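Dear colleague,

I am handing over the model that we spoke about, and below it you will find my notes on what turned up in it. Please read them with the structure open beside you.

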Amino acid sequence: MNTILRKSILGIAGLAFTGGVFAGPVAAHAAETTKPTLVAVQGVSASPQGEQSHVDLNDEQLANAKAIIAATKKAGLPERAAVISIATALQESKLENLGHLGDRNDHDSLGLFQQRPSSGWGTPEQITDPEYSTLAFLKGLKQVDGWQDMPLTEAAQTVQVSAYPDAYAQWEKQAAEIVAEHWNK
């Protein structure tokens with residue numbers, strides 16, 4: 001990632017962290033273009049960025065992944081959007097629909113995507129609904145110019161505005177495998 005883009009993203013992340021201003025569904029992103037990444041039919045880039053992580057999914061986590069795929073189809077978006085969504089949810093919650101975690105909670109973050117009611121993502125009930133939270137994430141993703149061609153971690157980070165902008169990349173391979181297995185079912 002180039003220095004200007006990294007500084008822009010980190011600056012926005014700092015604002016979001018301190019004030020929650022940009023962490024909602026209409027996340028701002030840097031105007032600078034990024035280098036396109038080749039995208040395979042199943043939605044994984046030709047070479048996922050960095051070392052890849054993997055978790056064995058239980059029935060609940062798999063059901064949440066399938067709910068993300070169904071919501072992506074409902075939104076009329078391609079497999080790549082589902083891959084980005086699942087990788088994001090793997091990073092944020094390991095595909096577990098998390099309620100309030102007490103002292104371990106990051107502010108008021110909830111659900112699969114760790115969205116915040118105070119940042120405009122919806123009510124706690126909405127955010128903990130897998131379909132609603134996915135559609136909210138996808139609404140933010142659609143507002144990112146060129147999301148289809150940018151590296152997964154940049155697309156996810158532009159929507160999420162995380163303090164760990166490169167963390168999403170590690171889940172691309174597993175997310176693509178999940179989508180490839182369940183997209184046509």
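How are H3 and H6 oriented to each other? Before the answer, a word on conventions: this is a predicted model, in which local features need pLDDT of at least 70 and side-chain atom pairs count only at pLDDT 80 or more, while totals for chains, interfaces and linings use all residues. Residues are numbered from 1 along each chain as its sequence is written, and side-chain values use heavy atoms, with hydrogens and water left out.

Helix H3 (residues 79–93) packs against helix H6 (residues 152–160) at an angle of about 70 degrees, and their axes are 10 Å apart; here axes are lines fitted to C-alpha atoms, for helices over the stretch in contact, and angles run from 0 to 180 degrees between N-to-C directions. H3 and H6 are therefore roughly perpendicular to each other, given that angles under 35 degrees count as roughly parallel, over 145 as roughly antiparallel, 65 to 115 as roughly perpendicular and the rest as oblique. Their crossing is right-handed, a term used if the near helix is turned clockwise from the far one by less than a right angle, with anticlockwise giving left-handed. From H3 the contact (heavy atoms within 4.5 Å) draws on Arg80, Val83, Ile84, Ala87, Thr88 and Glu92, and from H6 on Leu152, Ala155, Ala156 and Gln160. By class these divide into 6 nonpolar, 2 polar and 2 charged residues, where Ala, Val, Leu, Ile, Met, Phe, Trp, Tyr, Cys and Pro count as nonpolar, Asp, Glu, Lys and Arg as charged, and the others, Gly among them, as polar.

As for the overall architecture, the secondary structure of the protein comes to 7 helices and 0 strands, with helices (H or I, at least four residues) and strands (E, at least two) taken as DSSP runs and numbered from the N terminus. Of the 185 residues in the protein, 47% are buried, and by this convention buried means under 20% relative accessible area, exposed over 50%, and partly exposed in between (1.4 Å probe, protein chains only). Among contacts between residues at least 6 apart in sequence, 65% join residues at least 24 apart.

Leu141, leaving aside residues up to four places away in sequence, touches Ala81, Ile84, Trp147, Ala155 and Val159.

Two further helix pairs involve H5. The axes of H2 and H5 come within 9 Å and cross at roughly 50 degrees, so H2 and H5 are oblique to each other, and this crossing too is right-handed. Here Asn64, Ala67, Ile68, Ala71, Thr72 and Lys74 in H2 meet Pro130, Glu131, Thr134, Leu135 and Leu138 in H5, which gives 6 nonpolar, 3 polar and 2 charged residues. H3 and H5, for their part, pack at an angle of about 120 degrees with their axes 11 Å apart, and that makes H3 oblique to H5. In this pair Ala81, Ile84, Ser85 and Thr88 in H3 meet Phe137, Leu138 and Leu141 in H5, a contact with 5 nonpolar, 2 polar and no charged residues.

Ser85 may deserve a separate look. Ser85 lies in helix H3 and is buried, with a relative accessible area of 0%. Residues up to four places away in sequence aside, Ser85 touches Ile68, Thr72, Phe113, Phe137 and Leu138. Ser85 and Ala156 are 71 residues apart in sequence, yet 7.6 Å apart in space, C-alpha to C-alpha.

Finally, some backbone angles. Lys94, in the loop between H3 and helix H4 (124–127), has a positive phi of about 55 degrees although it is not a glycine, and at 31% relative accessibility Lys94 counts as partly exposed. Gln114 is also found in the loop between H3 and H4; its phi is near 55 degrees, a positive value in a residue other than glycine, and Gln114 is buried, with a relative accessible area of 14%.
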